Amino acid sequence: MATLDLFGGFDEEPAANIVKAREFIIVKDDSQINELIDSLKKCDIFSFHIETREMTFAVNPNDIYKIELPVDDEKCKDLLTKFSCIFNDNEKTIIGHNIKTDISILAKYGLEINNKLWDCMIAHYLIEPELNHSLDYLNDIYATDNTDIRWQLYDKFKALLSENDLENLFHNIEMPLVRVLAKMESNGVKIDINGLKQISEEQAKEIANIENSIYEIAGTTFNIGSPKQLGEILFDKLQIKAPAKKTKTGQYPTGEEVLQKIINENPIVQHILDYRSLTKLKSTYVDALPSLVSPYDGLIHTSFNQAVTATGRLSSNNPNLQNIPVRTDKGREIRKAFVPRDENHILLAADYSQIELRIIAHLSGDQAMQSAFREGLDIHADTAARVYGVDIKDVTSEMRRNAKAVNFGIIYGMSAFGLAERLKISRSEASEIIKNYFKEYVGIQEYIDKQVDFAKQYGYVETMLGRRRYLRDINSGNSVVRNFAERNAINAPIQGSSADMIKIAMINIHNEMKARDMKSKMILQVHDELVFDVHKEELDILSELVKDKMTNALPLNVPIEVNLNTGTNWLEAH
DNA sequence: ATAAGCACGC
DNA sequence: GACGTACGTGCTTATA
């Protein structure tokens, strides 16, 4: 099952102490550069990479050209511009590793890469989503000689993409997406630094007050941020009845869930919760975000990572702009600090409604859930009506809340115990709800069973576009790891198909915006949401475009709904 | 440096 | 008897 078998096992892997030394043709003077450009002009595929001080080209696996880059920006730009005829040629294929980085570096010098992209990192991500995709790692595992590593990986991964039916996903989705993400990153997001500074000062005062209250009740000062110290204060010193189990390191658990259970035991508990959420907001967002504003353009430039998650979602870091608070009032204040870049712009947020449930309705073919979506019903209310056996107009808010938890639980492969814990109901009540659920949604139950069976037979599951997730523990004798694999068998195709869908939408929107030479910018993706910094003149046309491309990216046999909102900050637009 | 525990998002 | 809802990033603390 291990991928390595596909490459003939470990036999070809060199001993770890042998250092592979590649030989380079050093390119220095103009005549050598012209010679290289000539050979690049003649080839239809070449490997490339660029870093701060050097770049390499290889027109075949053996001849690797290395060029040192001038420190002076203008000289560097002049040198790079000599290669623009190569990078502009959309008939040529460029082999790279994490090409988004190469695109971003060249963009700083005013160059575009218009070649067909062939990114080894992303190829490997599709072939083995959960492995390491770094060049160092791939070099250790796959490189068999001293020829160009990117060419070696290209040869191997090309065959594997074909064998695993991943070519469509690679060429038509992931490769076009590379450019989209590079553009989104360079577009950047404006934040209201002064607003955040003000919030920070208010939070500092409030935190100091809470600290004092906590120390007073505890009768001592201690580090509230230390779960270890906190646990000892709560459960030893203050003698609050301790949770049944300690953590694996022998500490008292003090997570939010634990504290909620003892919230009425002592007023210190609420203070702790307030302290935790406030210090979290302050350190992770309010104080951190301003420090990440670029000195060049005053904007925040996140990284969107295309080869991280096990399911096909993107991730975001430095900073993570996919987990900006929205749940609490204090959190929402932070979201308000995300603003349009100038007075000519306005934020537009477009999000898919209930996309994962629509996908499970589509994939399962369940008639009850499909008809709920086709009739445009409130899906959670409809589920409540079915599960509790009442008319939809008689559904109480508690019934709806419970049904919503079940719908979410279904996507995540939840158990009766888990539902009972979440809803604070008895396990037998939870079982009853789940039993009724699957009686009403027979197709969903069948789909879940089918996914698990498929995984047990083939060792993987796949999304609507054939993105795979391998589940090597699916037949494990250890029920804990097997159950985990079974939950992944249910969730991965749903979460992953949703990721497929929004990626298609992003590509189509990007291409259309580019074709129309629009001033507006796509700036964020948060799994089921896209955010745009819209030039006000373009608001109507872009809104229509976004709605159309998102709705029609990957049609389902149930309707797809997209909600659009505008605002002078992200909270307002959300 | 690295892991643990915790909290933020979807 | 244990386990118990998917996917991430990043902070502070504690330990090495």
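Two strands pair if DSSP finds at least two bridges between them; helices (H or I, at least four residues) and strands (E, at least two) are themselves DSSP runs, numbered from the N terminus.

The structure is a predicted model, in which local features need pLDDT of at least 70, side-chain atom pairs count only at pLDDT 80 or more, and totals for chains, interfaces and linings use all residues. Residues are numbered from 1 along each chain as its sequence is written, chains are lettered from A and ligands numbered from 1 in the order in which they are written, and side-chain values use heavy atoms, with hydrogens and water left out.

Let me turn to the overall form of the protein. Chain A contains 24 helices and 16 strands. Its C-alpha trace spans about 80 × 60 × 55 Å along the principal axes. The radius of gyration, taken over C-alpha atoms, can be set against a globule rule of 2.2 Å times the number of residues to the power 0.38. For 574 residues a compact globule would come near 25 Å, and the 27 Å of chain A agrees with that. Of these 574 residues, 51% are buried, where buried means under 20% relative accessible area, exposed over 50%, and partly exposed in between, with a 1.4 Å probe and protein chains only.

Next, strand 15. With which strands does strand 15 pair in the antiparallel sense? One partner is strand 11 (residues 345–352), over seven bridges, and within that pairing I346 has V534 as its bridge partner.

Is strand 15 enclosed or open? Seven of the seven residues of strand 15 (residues 529–535) are buried, so the strand is largely enclosed by the rest of the structure. In a regular strand the side chains alternate between the two faces of the sheet. For strand 15 both faces are covered: E529, V531, D533 and H535 are buried on one side, and L530, F532 and V534 are buried on the other.

A residue is near a strand if one of its heavy atoms lies within 4 Å of it. Around DNA strand B there are 24 residues, of which T247, T249, T254, V326 and R327 come nearest. Of the DNA strand B atoms that come within 4 Å of the protein, 91% belong to sugar and phosphate. Helix 12 supplies the largest share of this surface, four residues.

For polar contacts, the criterion is a pair of N or O atoms within 3.5 Å; within protein, one must be able to donate a hydrogen and the other to accept it, and residues adjacent in sequence count only if both atoms are side-chain atoms. A phosphate oxygen of DNA strand B is 3.2 Å from a backbone N or O atom of G255. The side chain of R313 places an N or O atom 3.0 Å from a base oxygen, and that of D528 places one 3.0 Å from a sugar or linking oxygen.

DNA strand C has 34 residues around it, and S226, Y412, S415, G418 and R422 come nearest. Which helix gives the most to the surface near DNA strand C? That is helix 22, with six residues. Regarding individual contacts, a polar side-chain atom of Q229 lies 2.9 Å from a phosphate oxygen of DNA strand C, while a polar backbone atom of N318 is 2.7 Å from a phosphate oxygen. The side chain of K280 has an N or O atom 3.5 Å from a base nitrogen.

Finally, the cysteines. How many disulfides does a search of the whole structure find? It finds zero, a disulfide being a pair of cysteine sulfur atoms within 2.5 Å. For C76, the nearest cysteine sulfur is that of C85, 16 Å away. C76 is buried, with a relative accessible area of 1%. For C120, the nearest cysteine sulfur is that of C43, at 15 Å, and C120 is likewise buried, with a relative accessible area of 0%.
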